[in-house]
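Please read it alongside the sequence and the structure shown here.

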Amino acid sequence: MSVDYISDTATAVRVVKLGAHIGAQIDGVRLGGDLDAETVATLRAALSEHKVIFFRGQHHLTEDGQYEFAQLLGTPTTPHPTLSAGAKSLAIDSQHGRSNTWHTDVTFVDRVPKASILRAVALPSYGGSTTWASTVAAYNALPEPLKRLAESLRARHTNLYDYAAEDRPDENFRAYRREFESTYFETEHPVVHVHPETGERALLLGCFVKELVGVSRSESQALFRLFQDRVTRLEHTARWNWSLGDVAIWDNHATQHYAVDDYDGAEHRRLTRITLAGDIPVGIDGVPSTVIAGSAESYSTVDRLRGAA
């Protein structure tokens, strides 16, 4: 690990880099809604550079405190487009399912969240880590011919994704799945989009992809696997072993993540997630994502940063 930034604030914020492409641990910060502007600016800069940032020992943080802190970074969305949840956060709870598929949060809507803030509430006695991958590093690693191919493609994302790998007989899981699919969403996104804040190019894929547009089903599957495998190369990832009181924040426009299902059914894992309103993705040709089905207006506003810039 290396320290790549120490702020001048009294709290002595330390940004400790965890990998060449993704991940940093932030020390010297007590998260909450009362952070000063310089510290918030430091966290924003660290998130832009490292894509996912981690905080240890935030035991004081409650759901209200997590929400108040989130408001310093952006505009919180409602917890989820279809799932019932608390007023402020969505419970990521192993009793309802395990997110052991690579995904970017909520890409089945047009207004993809710009960031997510996740807080550990209950953890199994072993396992249950989360891995993030940089979709910017994945794009940058492509040979030029594959970059041009990816830039020309669009993909349709839907919340009716393939559950076959994790199908479970218990009623809790099946009820969760029915609620997740209760309103149908489908959105067409560019496979390569331009990050609205950094200007970087990133792959926009993950498990919610239904098909690539304009090619056969077999070609769609082959092309999806070609580009998705670039995202999940170990060199492009960072893995976090949770402790109670930990908080992770990731740039949802520049990452995918995967909750590792390596703990037994009797073990309980619960984290609370707040997402921040994001922009509508735009391809390098300037064409934005388009809605095929479902309106996400009640889920989230649209971050107007791109238009303001």
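Strand E5 (residues 90-93) pairs with E16 in the antiparallel sense over 4 bridges, where strands are DSSP runs of E with at least two residues, numbered from the N terminus, and two strands pair if DSSP finds at least two bridges between them. Within this pairing, alanine 91 has threonine 272 in E16 as its bridge partner. The model is a predicted one, in which local features need pLDDT of at least 70 and side-chain atom pairs count only at pLDDT 80 or more, while totals for chains, interfaces and linings use all residues. Residues are numbered from 1 along each chain as its sequence is written, and side-chain values use heavy atoms, with hydrogens and water left out.

E16 also pairs with strand E6 (residues 115-122), again in the antiparallel sense, over 7 bridges, and isoleucine 274 in E16 is the bridge partner of isoleucine 117. Because 6 of the 7 residues of strand E16 (residues 270-276) are buried, this strand is largely enclosed by the rest of the structure; buried means under 20% relative accessible area with a 1.4 Å probe, protein chains only.

An open sheet is formed by 4 strands in the order E12-E8-E9-E17, with antiparallel pairing. Strand E12 (209-212) and strand E17 (290-293) are its edge strands, each pairing on one side only. From one strand to the next the twist averages 25°, the axes being lines fitted to C-alpha atoms and angles running from 0 to 180 degrees between N-to-C directions. In the pairing of strand E8 with E12, histidine 157 stands opposite valine 209 in E12.

| Strand pair | Sense | Bridges |
|---|---|---|
| E5 and E16 | antiparallel | 4 bridges |
| E6 and E16 | antiparallel | 7 bridges |
| E8 (residues 154-158) and E12 | antiparallel | 3 bridges |

Methods:
Buried means under 20% relative accessible area, exposed over 50%, partly exposed in between (1.4 Å probe, protein chains only).
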